[in-house]
Every structure is written in structure tokens, then in C-alpha cells.
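This report goes through a two-chain model, one chain at a time and then together. The sequence and structure come first.

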Amino acid sequence: MTRKFKWRNLYLWLVFIVLYAPIIFLVVYSFSAGTTMNNFHGFTWSHYQDLFADSRLIAIFLDTLLIALLSSVIATTIGTLGALGINNTTRPVTRNTILSLNNILMVSPDVIIGASFLIFFTALKIPLGFGSVLLSHIAFSIPIVVLMVLPKIQEMGTSLLDAASDLGANNWQLLSQVIVPYIMPGIFSGFFMALTYSLDDFAVTFFVTGNGFTTLSVEIYSRARQGINLEINALSGLMFLLALILVIGYYFINQYSSRHRAAARGRRS
Amino acid sequence: MQRKQKLTRNTAYFVPYTLWIVLFVIAPVILLIYQSFFNIDGQFTWANYQTYFTSSTYLMMTVNSVWYAFLITLATLLISYPTAYLLNETKHPQLWLLLIIMPTWINLLLKAYAFIGIFSQAGIANQFLSFIGIGPKQLLFTNFSFVFVAAYIQIPFMVLPIYNAVSELNPSYVNASRDLGATPWQTFSRVIFPLTLPGVKAGIQAVFIPSLSLFMLTRLIGGNKVITLGTAIEEHFLTTMNWGMGSTIGVVLIIAMVIIMWLTGSSKRRPRKGLTK
């Protein structure tokens, strides 16, 4: 019995080691004094110093961050309003059609999204660069926001809204003081997902970025094609840290919202 | 009055969202299909489709792409199913699940880049092969490395839906099957697997479709030996600038996607980030 249990744990551990080894490998070599990822040559911060001295990369990093923040704020706004609208639809057919359309961008392969957006921007004569990348990121982040917010709205029910309007709240008050505070955890989750979608995206950006503008993913791709450069390792160290912060942030939002939900349920019963 | 108020509110909410659906969901797909009927000089033609379905290069590329996507999906499934099953039996499955999902939050390109280092001529994988006496081999830019890295990247997307199905499995069915004298294999093939099949299907859908279009991996890891549909689209759009042909391949990829979704039943979305449930 105990032996069987150990075998099981061994398998799980093996999977975890395989999953994490490449990431740890990258970060470890970001501290290596050599120039390759073959042998560790002693500890150094020099690759991080290079990274912070690389003004081109810093600019790209800031651009990426700007795109991510702007696109997630706008996508969250549009997506939340969309989810409210979907919740207001009365006919199931309309609702299902809208939800199917909503999910198209979530199931489509990135290449299709990228290629079709490229045709779209060219047809509308929108110049490729910051604007087209921003629009694309907003576009592919909206569906996930809708999917994160919609369950919260449905959970809210109508009695709360009826009570508020009976007490004389107008539409704006209803939205700003009742609905939005209630669905806030969903909005935050949507925002976080949109943020990570935008930070992670490579394929779509690669298609619509044009010549002048670059995001971090595209830059990593073009540098990786030229071979090993430990500055990328240092960058991955920093991005690993950023991802960790995002995961922890997301985890706490989830904790908060489930506690909130549990509390609401407790109050109701 | 009340109803009218609700109606205006409804439409006001809906304007930007509807605009998004029309402009960024419907219009691009229509434009892609439209573009597929034009040749490189901008003339309307059926030639793209004719070329595609008569040229052995394109057909072989499609078959190859589907074959490699199949291999990647199979490898991912074989690793993920036991993982998901065992996860469910640990003491803190949610924590373990979070750990499985964490790597999906690391940029895909960085993970691919890590394997360039690991699989390189004098890299750690070859050092290990030399150590156990096999001797260094060409690892990077082989079909094996492409399948390996693609499977590595996709594992969390397969584990998650299967885990959800396994955790919903009522253990009393398994116990009942054992009590009635089923062998472990019978219990698995007749009870556990059929009941977790929806999760497996969702996982296959989540892995197969992206595997058809992973163009960055075929370039960085596969050394352009495997040409997937995604690689071909990228090539046509950004290198040879033959958008018509690229769109034609895009339409084929969309059809392939629809077939996969139809075969795997549900229309569940692919969680690009593991934490989406």
C-alpha cells in the first residue's frame, strides 16, 4: 500500500520536475558569468546590468506594459458592459448567438486571429504599429472579460436591482452603486486575465505589429532566432517574477471573491 | 415606462460590445474568406483553392501538420491523464493544480528559448546523453524536439479539463465496479475512462487546434523541418506576401478547427491561461 503510494508520488514529482526544469534552468543561467547555457561559470549580476543598460529593451518593455494596461482597461470596460447587455437579453436564442460569437476569438488559433486582423487593418487603412497592436489586444481580451464577469452578474439576481429602483435609484446610481460594487471581483479577474493575455501574446502581435513597433514577445522571438544571449535569461528572470506577482494577485482576488460569496451565502441563509 | 427605461439602458450598454463583435469577430473572418479568392495580383480567382487541392506540396503539408498535431496531442494525453488522475488523489489537489498551471503564465517564447539552450550541441541534454554513454546527438531542429517542446507547452491545458472530469467522478462507481469483481483494467476501461471522456475530449480540443498553428516552435525548435498550417500561413502573409494563398490555408485551418470541435462534441472554450475555469 505504502509502496504504491510512493510510486504515484514519484510520477507526479517527475511531471513537476519536467514542467519546472526549463524555467529554473533559464533563471539559473541568468546568473552565469559565461555566454552560453552549457556550463555554469560562476555567479554574476552582469546580465541584469546589461539588461538595465539596454535602453532599447527598456523602451520595448515599457511599450509592452503600456499596451497591456491600456488594452486591459478598455477591454474590461467594454467586456463588462457587454456582459451586462448579455444578461439583459430576454430571448435564449439571442443570448446563445451572442455567446457563440463571443467565444469565436477564444477558440480560434492565434495565426487566424493575427492574419485576419492584418487584412482588416489593411482594408481600413489603419497604419500598423502601436494603434493596431492596441486594437488587437483589446479585441482578443474582451471575450475573457465577458466570461469572467457574466457569472457574477447572474449570481446577483434581480431582487437587489428591484429593491434599489424601488428605493428611487436612477440608472446611473443603479450601475455605479449597486451593480459594479457587486460584480467587482469578476471585473478584477477579467482585468487580470486580460493583462496576462496581452503580456503573453506573441502570434497576433507578430502579424499586426508592422516595422516600427515591437513588444517584448516579438523581441524575444527575433533575438532567440539569433541564438543564445544570456540577457534574455535575465529578462526571463524578471518576467518570471512578474508572472509570480500576477499569479499571487489573481489568487488573492479569487480568495477574496470566494470568501465574499461564502459570506453572502451565509447572510442569505 | 420602466420597461422602456430598461430597453434604452440595454442598448446603451451594448453599443461598444456590439461594435466589437461586428468589427473584430465577424468582419475579419469574412475578410479572410474574401481574401482567399484573390491571387497575388489582386484578381478574383478560384486558383488558390485549385492549387491547394491539387498541389502535392500543400496536401503533404496539411497531412504532415495534422499528423504532428496528432502526435503532440497523443503525447500530451498519455502524460496528462495519469497526472490528472493522481492529482485528484493527493491531499491538496487545488494547490497541486495551481502548481501545474503556473508554467502557463510564463511567456511561451521564453519556454521555447529555454529548450534552445537545453537541446543545443553542448547543452545539458547532450551532456546527460554522454554521461549515460549514448553520446551527443543532434537534438535541436529535429522533429522529436518539436513534438517534445510542443507537448511540454500543452500539458497544463490537457491536465486541467481532465482533472475537472476526474474530480467530478463519483468514487462509489469505482468501488461498485471493484465489488462486482471487475479487474483494475476493466474498472478503468469500462467505468473510469468513459466517465471522464468529456474531460479528455475538451483536452484534445484544447491541444489539437493550437498544435496545428504553432509556427514559432517550428521555427525556433523544429528548424523549419516540420511545416504546420500555421507556419505556412505566417510564411504566406509575412514573407512571400501572397495573402490570397495564406487566406486559403487559413480557411482550411478554420474548417479543420470546426471539424475538431464537432468531433470532440462540446463547444467549450480553450482556457489559454490555466486559471480560467
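Helices (H or I, at least four residues) and strands (E, at least two) are DSSP runs, numbered from the N terminus. In chain B, the span of residues 95-119 is 72% helix and 0% strand, and its end C-alpha atoms lie 31 Å apart.

## Basis of the model

This is a predicted model, in which local features need pLDDT of at least 70 and side-chain atom pairs count only at pLDDT 80 or more, while totals for chains, interfaces and linings use all residues. Residues are numbered from 1 along each chain as its sequence is written, and chains are lettered from A and ligands numbered from 1 in the order in which they are written.

## Chain A

Chain A has 11 helices and zero strands. Its C-alpha atoms fill a box of roughly 70 × 65 × 30 Å along the principal axes. Of the 269 residues in chain A, 41% are buried. A residue is buried if 20 or more other C-beta atoms lie within 10 Å of its own, exposed if 12 or fewer, and partly exposed in between, with C-beta atoms placed from the backbone. Two residues are in contact if their C-beta atoms, placed from the backbone, lie within 7 Å. Among the contacts in chain A with a separation of 6 or more, 80% are between residues 24 or more positions apart.

Is A:Ile104 buried, exposed or partly exposed? A:Ile104 has 18 other C-beta atoms within 10 Å, and is therefore partly exposed. A:Ile104 is part of helix α4 (residues 92-107) of chain A. From A:Ile104 to A:Leu26 the C-alpha distance is 35 Å, and the two are 78 residues apart in sequence.

## Chain B

Chain B contains 12 helices and zero strands. A box of roughly 75 × 65 × 35 Å, taken along the principal axes, holds the C-alpha atoms of chain B. Chain B has 277 residues, of which 44% are buried. Of the contacts in chain B with a separation of 6 or more, 70% join residues 24 or more positions apart.

Within chain B, helix α3 (residues 56-89) packs against helix α9 (residues 184-211) at an angle of about 140 degrees, with their axes 9 Å apart. α3(B) is therefore oblique to α9(B). Axes are lines fitted to C-alpha atoms, for helices over the stretch in contact, and angles run from 0 to 180 degrees between N-to-C directions. Angles under 35 degrees count as roughly parallel, over 145 as roughly antiparallel, 65 to 115 as roughly perpendicular and the rest as oblique. The crossing of α3(B) and α9(B) is right-handed. A crossing is left-handed if the near helix is turned anticlockwise from the far one by less than a right angle, and right-handed if clockwise. On the α3(B) side, the residues that meet α9(B) include B:Ala69, B:Ile72 and B:Thr73; those of α9(B) include B:Val200, B:Gly203 and B:Ile204. The residues of this contact of α3(B) with α9(B) are seven nonpolar, five polar and no charged. Ala, Val, Leu, Ile, Met, Phe, Trp, Tyr, Cys and Pro count as nonpolar, Asp, Glu, Lys and Arg as charged, and the others, Gly among them, as polar.

## Where the chains meet

How many residues of chain A are in contact with chain B? There are 61 of them, in contact with 68 residues of chain B. α1 (2-29) of chain A gives the most to this side of chain A, with 12 residues. By class, the side of chain A that touches chain B has 47 nonpolar, 10 polar and four charged residues.

A:Val111, A:Ala115 and A:Leu118 in α5(A) meet B:Gly230, B:Ile233, B:Glu234 and B:Phe237 in α11(B). The contact of α5(A) with α11(B) has five nonpolar, one polar and one charged residues.

## Record annotations

In an unreviewed entry, UniProt places "domain: ABC transmembrane type-1" at residues 62-264 of chain B. UniProt positions are given in the numbering used here, feature names are shortened, and annotations may be inferred rather than shown by experiment. Residues 62-264 of chain B are 77% helix and 0% strand, with end C-alpha atoms 20 Å apart.

UniProt (unreviewed entry) also lists "transmembrane region" for chain A, including residues 130-153 and 174-196. Residues 130-153 of chain A are 100% helix and 0% strand, with end C-alpha atoms 33 Å apart.
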